[in-house]
Amino acid sequence: MRLYLFCLLISVFPAAAHAAVAQQEMRPGISASADYLIGEPGKPAVLLLHSFLQTRDFRTVATLARGLQEAGYTVLAPTLSLNIPNRAQSLACEAVHRHSLDDDVAEIGRWVSWLKSHGHRSIVLVGHSFGSLQLLAYLSLKPDAAVKAYVGASLIEAKIGTAARAALIAQLEDRVVRKQRALVKQTLSFCRKYPSTPEGLLSYVRWDQARLLAALKQSPVSVKLIMGDRDDVIEHGWFKALALVEVPLVIVKGANHFMDGAHEFDLLEHTLQSLVTIQQAPSR
Amino acid sequence: MKMKWPDAISIKQIALALISGLLALVSLVGGFAIYQTRAVTHSLEQHSQNAAQSELAAAVQGLLSRTEEQSVKLAGWDETRQQLVLPEYYTYWRDQRLYESGMLNSSHLRAALYAPSGMLLEPSPAEISMPARLPAGTPPHQSASWLIDEAGTVALYYAFPVYSDEQRQTLLGHGLIRLDFMPALLRQNALHFTDTASVSLALKPGEILATSDLFPRLRFNTRPDPDQLRFQTILSRTLLALFVLLAAMALLGFVAYNRLLVRPLGRLSQFIDAMQHGRFSPNPSRSQSMRISELENIRRSLFDYQLQLRELHGSMEHQNREFHTQARQDTLTGCHNRRAYEEDWERFRQELKTAPQGVAFLLFDCDRFKTINDTYGHAKGDRVLSIIADALVMALRANDRLYRIGGDEFATFLSRTTPAQAKQVAQRCQSLIEAAGFADLGIIEPVGLSIGIAFCAADQLEQVNELPKQADIAMYTAKQPGRTRIALYGEDTERASQTLVASRETSALFQALASPGMIEMHYQAVHALPGRQVDYYEALARIRYHGKLIMPDAFLPVVSSRRLETEFDLAVLNQVDADLSSDQLPTGCGLSINLSAQSISRPEVVSQLLELSRHNARHPLMLEITETSLITQMVEVRTYLDLLRTVNYRIAMDDFGTGYSPLRYLVDLPVDVVKFDISLVNKLGEDNRAGQVVADFARMMSEVGYSLVAEGVETEAVLLKVESLGIAHAQGYLLGRPIPLTELAASFTAEGAAATCNA
């Protein structure tokens with residue numbers, strides 16, 4: 001299978017040339033861009049989102065995007081602005097984080113709309129890691145009808161380290177209420193010190209495992225998760241929890257959180273399988 | 001005579017010149033080496049300067065490039081763009097985030113963001129003075145950099161535009177990087193040739209300098225190159241060591257040259273000079289030997305030569321002393337001769353100028369020495385002189401010298417004396433002469449000594465030159481009959497008058513000899529007997545001086561004492577020649593001329609007589625030889641007389657019968673006429689044995705062919721006696737006194753045709 005995909009990648013290389021960068025002004029002064037990889041007509045478009053603070057150039061995402069395009073799928077791989085004009089670099093943990101999950105979700109919505117504006121009526125949301133969370137947050141709101149399915153790779157909650165989430169949330173909410181604008185440095189995801197505005201941090205901190213499970217359960221579109229059994233980033237018991245909500249889950253043996261190396265093809269393979277399944281399923 | 005070489009230079013000078021030249025050459029080479037070293041050093045310094053300039057330029061460029069790179073990174077950094085859009089947490093970003101992220105890797109770096117309008121987003125802290133707005137004229141879409149002196153710190157600012165997108169279409173604002181220029185420049189560790197402590201930027205406070213104009217304003221020094229310094233040190237030490245070595249070698253060479261050549265040559269030169277000046281080394285063989293074999297050979301040769309010269313010199317000195325002594329010693333008497341007298345007298349007069357003193361000049365003359373000589377022969381005469389000299393030497397003081405200045409004339413001069421002391425010395429001389437043993441020689445006549453003394457006091461030394469003359473006058477005074485035979489010049493009036501006469505006669509004589517015509521000839525007739533008619537005339541000399549006649553008895557002693565016989569006789573012959581040439585004497589009148597014995601042996605007198613013989617045809621001439629006792633060269637005199645007889649001169653022996661005309665000469669000389677002295681003639685008048693002897697002698701001489709002339713006939717009785725004895729001629733006051741030529745000529749004129757002489 002891997003050999004087949006490799007050969008496909010080589011043989012359809014000219015198709016890669018059908019690519020463009022899409023750009024939108026998400027907020028005044030804040031533009032964001034996305035790689036628009038044009039696939040075969042008739043196949044659903046994939047909105048592929050990178051993980052936390054990364055860009056679309058993150059290796060796992062970029063490889064997957066090319067693979068999907070090569071498989072004939074149009075891929076739109078945006079880079080979330082994180083309230084940085086034309087952000088092109090992964091944002092450091094220590095940077096001033098002026099973004100919130102709401103901003104992220106809004107940008108996802110803008111890109112879904114962009115795809116629709118480009119004629120794509122069937123959109124599959126594919127996310128990696130925290131991107132899976134952000135896409136799920138989008139789905140938890142009122143997603144566009146063109147969104148047909150959701151594939152979450154290495155889905156992870158908004159980890160806050162050892163801090164008590166409830167207390168943190170309460171503290172952050174208090175700051176927000178008090179309009180205290182001082183940056184809060186808190187562990188978030190893989191960032192040990194994550195300076196952020198209280199409301200921005202609060203928007204992420206609320207997404208714990210429970211909320212993720214709920215979102216998965218309540219997803220309006222089909223959901224599929226692809227996880228690596230060697231993912232040491234996710235919390236212990238996450239698989240068990242996922243099993244409890246009976247989410248379709250593909251566990252790639254030997255793969256870590258980033259599905260790198262040879263597991264990039266596993267990720268692509270399972271994603272393509274999901275897309276094939278989605279194509280065959282009746283639309284919503 | 002020592003040859004002078006004014007241009008010659010000594011070997012020491014040559015050595016000095018060589019050493020100086022060597023040192024000059026060494027100095028020149030050293031100077032050239034130093035020049036080359038300095039050129040190399042200068043080249044290295046120039047190279048270092050260029051290298052420093054290059055590396056400094058590179059460092060500046062590198063700093064600017066890194067700053068530019070930093071600006072590019074900063075401009076492209078997402079968080080930079082974020083701050084320009086959402087600057088709420090700008091200060092956090094500026095003060096922490098920039099450094100934590102590593103965008104600014106040094107605390108010396110500062111960055112600030114400016115709105116598109118150029119205004120600073122947020123004021124900077126006080127310690128970080130970022131400009132509130134970008135300088136006017138900062139291009140909005142280009143980078144700009146400048147330097148400014150901020151309170152002594154040179155700050156480099158780099159402004160750059162920040163765009164929203166990569167296409168640089170939307171300008172978000174500007175970024176500004178500030179860094180401390182000097183620390184940043186020098187922190188690069190790229191300066192190897194530049195002395196970092198010396199790097200400075202000539203910037204006035206507040207002046208803004210574009211980085212494009214930066215380099216010309218940089219001031220810096222090159223870092224001393226240790227290798228170059230080591231090279232210079234080594235080279236300098238080497239040159240110094242070389243110079244010192246060469247100088248030491250030159251000095252040693254000079255010392256060696258001096259010791260081995262100059263000194264030995266100098267010693268040789270001194271030896272040669274000493275030899276040239278007659279100074280000989282006492283022992284040349286002991287002199288220090290020389291290390292140079294050639295010089296040692298020369299030294300040995302010189303020493304051998306010196307030894308030979310010493311021997312020769314010693315021999316010559318001995319001979320010179322001998323010659324000197326002989327040249328100044330009278331061989332007969334052993335006392336000093338006339339030459340010594342003249343030298344000593346001249347030296348003594350010079351000494352008197354510095355040491356005034358009383359001086360006495362003593363002149364000694366032996367009385368009747370001629371008679372003694374004629375009577376007893378020359379050998380005894382010489383012996384008499386020796387005895388006189390010995391006696392005088394004994395009589396004189398220890399330091400006085402006796403000089404023989406003439407035949408029987410001696411002189412001495414006494415220093416530091418008085419007239420009385422001089423007289424005492426003179427008296428002692430006379431006493432010793434009187435006590436001398438002349439009798440042992442068979443001389444029975446008393447031998448006397450006349451002494452003339454002249455004295456000059458210490459305060460009258462200007463007259464010292466007159467002393468010999470005064471002593472001469474005094475001596476003739478002493479010879480006057482009746483005197484004590486010691487006379488001091490100027491002692492009394494009588495002596496003074498004598499002095500005047502003597503002085504007048506001497507002056508007249510010398511003037512007459514110098515001026516022809518002053519000698520006047522008087523002619524006394526010589527009568528033939530028994531007819532008593534005039535046969536011929538005898539020419540007798542007189543000197544007319546200031547209108548008065550001076551008679552022979554007055555000037556002949558002066559002629560004799562001054563040894564002027566020849567000159568006087570020549571003057572007489574000239575005057576006789578003039579008288580005969582005047583034709584005032586009748587033809588046939590013979591003439592008899594008196595000549596001294598000394599003159600007859602003089603070639604010039606003989607020559608004059610031969611010239612005068614031309615008158616013999618008209619006036620038969622006869623020569624009367626007087627003082628024949630003084631004839632010492634009998635052979636020559638006889639030869640001359642024979643010659644004169646061939647030109648018809650007749651020879652007469654004058655004063656026969658006195659000591660002046662010994663009988664012996666009648667045999668040796670060709671005599672025709674013998675003139676009896678007045679003393680003998682007077683004997684004829686006496687009727688006693690002496691008269692008989694004279695008469696018999698005259699008769700005998702007439703019989704053997706001599707023609708006799710009786711002189712001094714003053715009485716008729718004597719004339720009769722003379723006639724009776726058959727003497728052919730007579731002469732005297734009885735028959736006629738001497739008269740001048742003019743008077744004689746007048747008498748002939750008066751007698752008319754009868755006036756003539758017997759042929």
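Where in chain A is Lys179(A) found?

## A loop residue in chain A

In this predicted model, Lys179(A) sits in the loop that lies between helix 5 (165–178) and strand 7 (184–188) of chain A. Because Lys179(A) has 8 C-beta neighbours inside 10 Å, it counts as exposed, the limit for that class being 12 or fewer.

Chain A as a whole contains nine helices and ten strands, and of its 284 residues 51% are buried.

Nonpolar side chains tend to be buried together in soluble globular proteins. The largest nonpolar core of this model has 121 residues, and Leu47(A) and Leu48(A) are those with the most contacts inside it. Strand 3 (residues 153–163) of chain B gives the most to this core, contributing eight residues. If neighbours within four places in sequence are left aside, Leu48(A) is in contact with Val61(A), Leu64(A), Ala65(A), Val75(A), Ala77(A) and Val126(A).

Another core, of 66 residues, lies apart from the largest one, and its members include Tyr537(B), Ala539(B), Val681(B) and Leu708(B).

## Where the chains meet

The contact between the chains takes 18 residues from chain A and 16 residues from chain B. On the side of chain A that touches chain B, nine of the residues are nonpolar, five are polar and four are charged.

## Strands 18, 19 and 20 of chain B

Strand 19 (residues 673–676) of chain B runs parallel to strand 18 (residues 650–656) of chain B, to which three bridges join it, and Phe656(B) stands opposite Phe676(B) of strand 19. Strand 19 of chain B is also joined by four bridges to strand 20 (residues 707–710) of chain B, again in the parallel sense, and here Val673(B) stands opposite Ser707(B) of strand 20.

Along strand 19 of chain B, Val673(B) and Lys675(B) point one way while Val674(B) and Phe676(B) point the other way, and all of these residues are buried.

## A five-stranded sheet in chain B

An open sheet of five strands in chain B has the order 9-10-8-11-12, and its pairing is mixed. Strand 9 (403–404) and strand 12 (486–488) of chain B are the edge strands, each pairing on one side only. Strand 9 of chain B pairs with strand 10 (residues 409–415) of chain B over two bridges, in the antiparallel sense, and Arg404(B) has Phe410(B), in strand 10, as its bridge partner.

Helix 11 (residues 467–478) of chain B packs on this sheet, where it touches strand 8 (359–366), strand 11 (449–456) and strand 12 of chain B, and its direction makes about 145 degrees with that of strand 11 of chain B.

## Two crossing helices in chain B

The axes of helix 8 (residues 369–376) and helix 9 (residues 378–395) of chain B come within 6 Å and cross at roughly 140 degrees, and these two helices are therefore oblique to each other. In their contact, Phe369(B), Ile372(B), Asn373(B) and Tyr376(B) of helix 8 meet His378(B), Lys380(B), Gly381(B) and Val384(B) of helix 9. Sorted by class, the residues of this contact are four nonpolar, three polar and one charged.

Conventions. Residues numbered from 1 in each chain as written. Chains lettered and ligands numbered in written order. Predicted model: local features only at pLDDT ≥ 70, side-chain atom pairs only at ≥ 80, totals over all residues. Buried ≥ 20, exposed ≤ 12 C-beta atoms within 10 Å, placed from the backbone. Pairing = 2+ DSSP bridges. Contact = placed C-beta atoms within 7 Å. Axes fitted to C-alpha atoms, helices over the stretch in contact; angles between N-to-C directions. Nonpolar A, V, L, I, M, F, W, Y, C, P; charged D, E, K, R; others polar. Parallel < 35°, antiparallel > 145°, perpendicular 65-115°, else oblique. Core = buried A, V, L, I, M, F, W, Y, C linked by C-beta atoms within 7 Å.
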